Amino acid sequence: MINLTVNEQPVTVPEGTTILQAVRAAGVELPTLCYHEGLAPYGACRLCMVTITAPHHGLVASCAYPAEEGLMVETHSPEAVSARRLALEFLLSRCPQSEVIRELAAQEGVTASRFGTPPPERAEELCVLCGLCVRVCREAIGAAAIGFIGRGMERRVGTPFEVQSEACIGCGACAEICPTNAIKIEDRGNERILHTWHTTVELHSCPECGRYFAPEPTGFLKDMFPEIENLWALCPECRRQRTARQWIEQEHTRAT
Amino acid sequence: MPLIPQPPPPAGGALLTRLHAINAEHGYLPEEELRRAAEELGVPLSQVYSAATFYAAFSFQPRGRHTIHVCLGTACYIRGGEKLLEKLESTLGVRPGETTDDGTFTVETVHCVGSCSMSPVMRVDGDTYGRLKADILPRLLRRYQTEAGGMSDEGT
């Protein structure tokens with residue numbers, strides 16, 4: 001176990017914990033955009049900045065810094081607060097239309113940005129390039145269907161050649177994990193349209209009610225986990241009803 | 001599988017070397033070559049595309065027969081490099097990174113070619129032209145358009 005202090009309060013955390021996790025274990029709140037407990041540390045959004053006051057001094061991204069024995073961490077030192085506010089000003093200047101960013105900024109007392117507003121063609125920008133979608137697709141799903149494209153001002157997320165992806169399985173993890181709701185996905189008839197990725201995947205229909213629900217390319221899951229074969233085919237509603245019917249029938253046969 | 005045993009395929013770390021090789025061979029990165037590189041290196045296509053679009057050294061457009069590099073480094077910029085570029089853009093009808101419709105010229109900007117003493121400088125293929133003025137560019141370009149090219153006559 002590692003002993004450190006967060007805002008002068010002692011905390012004990014297991015080996016391999018980051019400062020961010022220790023801060024949260026201490027009950028102190030820190031905003032993050034690019035952090036997810038299921039993925040490797042990334043350190044992109046710079047909202048979780050803290051200062052280390054001992055044994056050395058430094059301003060670090062707490063999500064990507066390992067907790068060390070004897071470390072003294074300040075989450076709200078003037079240095080950390082101004083670093084966080086600066087990051088929020090940049091984010092606000094990129095995505096003034098984002099509800100999430102505006103709220104986060106307001107919580108830290110940032111209501112305006114010194115860095116202007118985006119050009120008209122990017123006025124509606126919601127993506128903060130935190131990389132969660134890219135990382136979840138690569139690290140957790142394994143499809144690696146999307147990646148960063150370009151560099152600097154041109155940097156964006158997309159599929160190779162920005163056309164229909166062959167690797168995308170339509171799972172929607174990217175949209176689910178996106179902290180600013182920048183990824184647009186829509187189920188229409190027998191298709192799932194991943195607008196942001198210029199990609200459409202076919203949906204599988206429930207053999208009982210006919211409703212389209214699961215993307216066809218996720219079919220490999222039932223080969224991988226034979227125990228879900230019957231469940232994969234049924235939509236959640238029919239799955240629930242079938243299970244309930246089974247229980248009632250069991251009760252009935254037991255009673256008679 | 002080939003009859004003769006092959007060495008194990010190079011790891012993903014060989015990606016940039018591979019991109020350079022493709023770019024050198026074709027003058028740009030054709031889509032099918034990137035797809036093949038992804039497959040052979042065992043790297044996701046999204047990662048290949050990411051790297052390919054990150055570096056300015058790679059092009060996605062077929063290149064012209066001659067590549068023009070206009071220097072916009074500090075010295076050239078101050079001494080009119082931008083005017084050279086403007087003149088090229090209006091004469092050839094292309095912007096930096098683009099190729100003329102007839103496939104003769106590709107125009108690019110660079111940041112210093114180490115010839116600041118003769119700024120503003122422009123390079124066509126391997127030839128460096130210094131102390132350039134925008135109004136002589138059309139004459140210079142004509143040399144390359146007529147295929148002879150090079151610094152053969154009069155020089156600069």
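Domain bounds here come from an automatic or database domain assignment. I looked up chain B under that assignment and found domain 1 (12-54) and domain 2 (66-145).

I noted the ground rules next. This is a predicted model, in which local features need pLDDT of at least 70, side-chain atom pairs count only at pLDDT 80 or more, and totals for chains, interfaces and linings use all residues. Residues are numbered from 1 along each chain as its sequence is written, and chains are lettered from A and ligands numbered from 1 in the order in which they are written.

**Domains**

I checked the spacing in chain B. The C-alpha centres of its domain 1 and domain 2 lie 29 Å apart. Chain A splits into domain 1 (1-122) and domain 2 (132-241). Their C-alpha centres are separated by 30 Å. I then looked at the contact between these two domains of chain A (residues are in contact if their C-beta atoms, placed from the backbone, lie within 7 Å). Domain 1 of chain A gives 11 residues and domain 2 of chain A gives 8 residues. I sorted the domain 1 side by class: 8 nonpolar, 3 polar and no charged residues. Ala, Val, Leu, Ile, Met, Phe, Trp, Tyr, Cys and Pro count as nonpolar, Asp, Glu, Lys and Arg as charged, and the others, Gly among them, as polar.

**Chain A against chain B**

I counted 13 residues from chain A and 9 residues from chain B in the contact. On the chain A side, the largest share is 3 residues from strand β6 (residues 147-149). Helices (H or I, at least four residues) and strands (E, at least two) are DSSP runs, numbered from the N terminus. The chain A side divides into 8 nonpolar, 3 polar and 2 charged residues.

**A helix pair in chain A**

I looked up helix α2 (residues 78-94) and helix α3 (residues 99-107) of chain A. They pack at about 150°, with axes 10 Å apart. Axes are lines fitted to C-alpha atoms, for helices over the stretch in contact, and angles run from 0 to 180 degrees between N-to-C directions. The angle is why α2(A) is roughly antiparallel to α3(A) (over 145 degrees). L88(A), L91(A) and L92(A) of α2(A) meet I101(A), L104(A) and A105(A) of α3(A).

**Strands in chain B**

I followed strand β1 (residues 66-71) of chain B. It runs parallel to strand β2 (residues 105-110) of chain B, joined by 6 bridges (strands pair if DSSP finds at least two bridges between them). C71(B) stands opposite V110(B) in β2(B). β1(B) also pairs with strand β3 (residues 122-124) of chain B, antiparallel, over 3 bridges. There H69(B) has R123(B) of β3(B) as its bridge partner.

Terms used
Parallel < 35°, antiparallel > 145°, perpendicular 65-115°, else oblique.
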